[in-house]
Amino acid sequence: MADAAPQHEPPCVAETIGLNLAFNGLPILRNVSMKLPAEKVVALIGPNGSGKTTLLRCLLGLQETDSGEIRLFGGLPLKQALPRIGYVPQKLQLDRDFILNVREFLALRLQTTRHWFWMKRKALDDRLMAAMAELGCESLMDRPVARLSGGQLQRVLIAFSLLREPELLLLDEPTAGVDSPGEQTFYELIGEVHRRHKMSVVLVSHDLSMVYKHAHHVYALNGNICCHGTPEEVMNAESLKEAYGIGVSPYHHHHAH
Amino acid sequence: MLTEAFMIRAFLVALFLCPLCALLGVFVTSRRMSFFGETIAHGAIGGVALGIFFGLANPTPTVIVFSFAVAAALLWLKENTELATDTIMALLLSGSISLGMILLARLQGDFRGDIHRILFGDILAVGEQDVAVAGVLFLAVSSFVFTRLSPLTLISAQEDMAHVCGVNVRRLNYLFVFALTLTVAVSVRLVGILLVTPMLVIPAASARNISLNLRQQIVLSLVIAVISGLCGVALAYHLSSPCGPAIVMTCVGLFLITLVARPLLRLARS
């Protein structure tokens, strides 16, 4: 007659509890509590200025909060947690003339006894090619990073993160600089990477149809967490209206491929 | 030429400082900080005036102190006001030149000759002390750059990513500004206030013309800077001209060569 076993919550890699943050008196985050379950793809959606990027920056220790708590990997100090995190920003701040090529850029993430500056090209490629091949961008090795297209750059940035096998990968609007046909392939690629590496992925996105298709869990943010749950639970007209403030179509169209 | 002690000193100082400026210049240009170097260099005029005021034969110590004051003011204003960076730099640049000129005008004596040397550099002004300072600076700053090459490159690419990779971005930015300020302040003696920025920018830009990657750019910048420094000092001696313009003209000449070589190299590589 044993009672049904208590439902255990899935383990989570990161958690925020009641985060509050205001800039010049203007509230940006209001009582934001969120759990990032292990090995799942979590989408963070919301309109422009809803605090999505700020929330990522708080998780990474780039932005201090006014109150609340952030727990990474069960409460590790930030310094110990960061090596387990991969972060893919929207863009780099490189001058277009900066000649750093993809091989050199990736080498910055390598842990080697010999500094990359003194390493032979072949030795570097041996260490880097697996990550590049996984993202389908082996041919970009000699290209200057500052001259890559939006989609190519995002792939290189993900390869950069994968070099240290992160347990949590944070992607800040990864398709912002990617053209429409490329978006679908890109999200599929992220899904592929997630399946292969069994990591947690946080995807900041405004593309509701892609979120519907690829995320396991969705948080809708508009200063506070308006709602969260599976894509099916969240992506209904009412929840989206709360998040976006206006009527938004759930838009979970089905591609015929 | 090489039998004269002052020439040996000038060659040595050029050999230490020109590659150092070029090495920092690779990151200065990539991080769009050229105007920062210009502001620090112009601030040096206040330091020179203070040096003369205190009766120092070699004003390098007051130049260094004054340059750090300008750099600290710049960083403080940048972090604590909402002013645009170039507005802050214009303010400090014009302010420190004006302060220096007023101080010089208030001092007894005729400083017109001194001002010429301050602005354009002077081989004869390079003493043994300057050689020692340049040598120590060369060792310290080049080891700083080479041991922190990856973090320095990362913060040039994306500061947030650098933070996630474990780089203490704020501390490294301060250290870079510290190294740059010190190098600019010491280089003023050789090339003059007006011509320090070209020493930061032109070798890096010339190397960029003919390089395929960052490693090549760093190595070629160093080579171009060494050639410019040595040829420039020799040119200054033969033409009896100030040292700074001679070094910078050599740099400009090499830049033009790399500009012509660029399409040719591209053809050869394809």
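**Reading loops, sheet and helices**

Modeller: F73(A) has its place in the loop between β4 (67-72) and α2 (78-81) of chain A, where helices (H or I, at least four residues) and strands (E, at least two) are DSSP runs, numbered from the N terminus. This is a predicted model, in which local features need pLDDT of at least 70 and side-chain atom pairs count only at pLDDT 80 or more, while totals for chains, interfaces and linings use all residues. Residues are numbered from 1 along each chain as its sequence is written, and chains are lettered from A and ligands numbered from 1 in the order in which they are written.

Biologist: What is the phi of F73(A), and how should I read it?

Modeller: As a general idea, most residues other than glycine have a negative phi. The phi of F73(A), however, is near 50°, a positive value in a residue other than glycine. K198(A), which lies in the loop between α6 (180-197) and β7 of chain A, likewise is not a glycine and has a positive phi of about 50°.

Biologist: Which of the classes buried, partly exposed or exposed applies to F73(A), and which to K198(A)?

Modeller: The class comes from counting the other C-beta atoms, placed from the backbone, within 10 Å of the residue's own: 20 or more make it buried, 12 or fewer exposed, and anything in between partly exposed. F73(A) has 18 C-beta neighbours inside 10 Å and therefore counts as partly exposed, whereas K198(A), with 9 other C-beta atoms within 10 Å, is exposed. Over the 257 residues of chain A, 42% count as buried.

Biologist: Where is L163(A) found, and with which residues is it in contact, leaving aside its neighbours within four places in sequence?

Modeller: L163(A) is found in the loop between α5 and β6 of chain A, and because it has 19 C-beta neighbours inside 10 Å it counts as partly exposed. Two residues are in contact if their C-beta atoms, placed from the backbone, lie within 7 Å. With neighbours within four places in sequence left aside, L163(A) is in contact with L106(A), R109(A), L110(A) and A131(A). The C-alpha atoms of L163(A) and A130(A) are separated by 9.0 Å, although these residues are 33 apart along the chain. For chain A as a whole, 66% of the contacts between residues at least 6 apart in sequence join residues at least 24 apart.

Biologist: How many helices and strands are there in chain A, and in what order do the strands of the open sheet stand?

Modeller: Strands of a sheet pair through backbone hydrogen bonds, either parallel or antiparallel. Here two strands pair if DSSP finds at least two bridges between them. Chain A has nine helices and nine strands, and six strands form an open sheet in the order β5-β6-β7-β3-β8-β9, with mixed pairing. At the edges stand β5 (85-88) and β9 (224-229) of chain A, each with a single partner strand, so one side of each has no neighbour in the sheet. Direction ignored, neighbouring strands of this sheet are turned by 15° against each other on average. Within the sheet, strand β6 (residues 168-172) and strand β7 (residues 200-205) of chain A run parallel and are joined by five bridges, and L171(A) has L203(A) as its bridge partner in β7(A).

Biologist: Which helices lie across strands of this sheet?

Modeller: Helix α1 (residues 52-59) of chain A lies across β3 (41-45), β6, β7 and β8 (217-222) of chain A and runs at about 150° to β6(A). Helix α5 (residues 150-162) of chain A lies across β5 and β6 of chain A, at about 165° to β5(A). For such angles, axes are lines fitted to C-alpha atoms, for helices over the stretch in contact, and the angles run from 0 to 180 degrees between N-to-C directions.

Biologist: In chain B, at what angle do helix α1 and helix α9 pack?

Modeller: Two packed helices are described by the angle between their axes and the distance between the axes. Helix α1 (residues 5-30) and helix α9 (residues 169-191) of chain B pack at about 140°, with their axes 10 Å apart. Angles under 35 degrees count as roughly parallel, over 145 as roughly antiparallel, 65 to 115 as roughly perpendicular and the rest as oblique, and α1(B) and α9(B) are therefore oblique to each other. The residues of their contact divide into 13 nonpolar, two polar and no charged, where Ala, Val, Leu, Ile, Met, Phe, Trp, Tyr, Cys and Pro count as nonpolar, Asp, Glu, Lys and Arg as charged, and the others, Gly among them, as polar.

Biologist: How many residues of chain B are in contact with chain A?

Modeller: On chain B, 21 residues are in contact with 23 residues of chain A. The largest share of the side of chain B that touches chain A, six residues, comes from α7(B).
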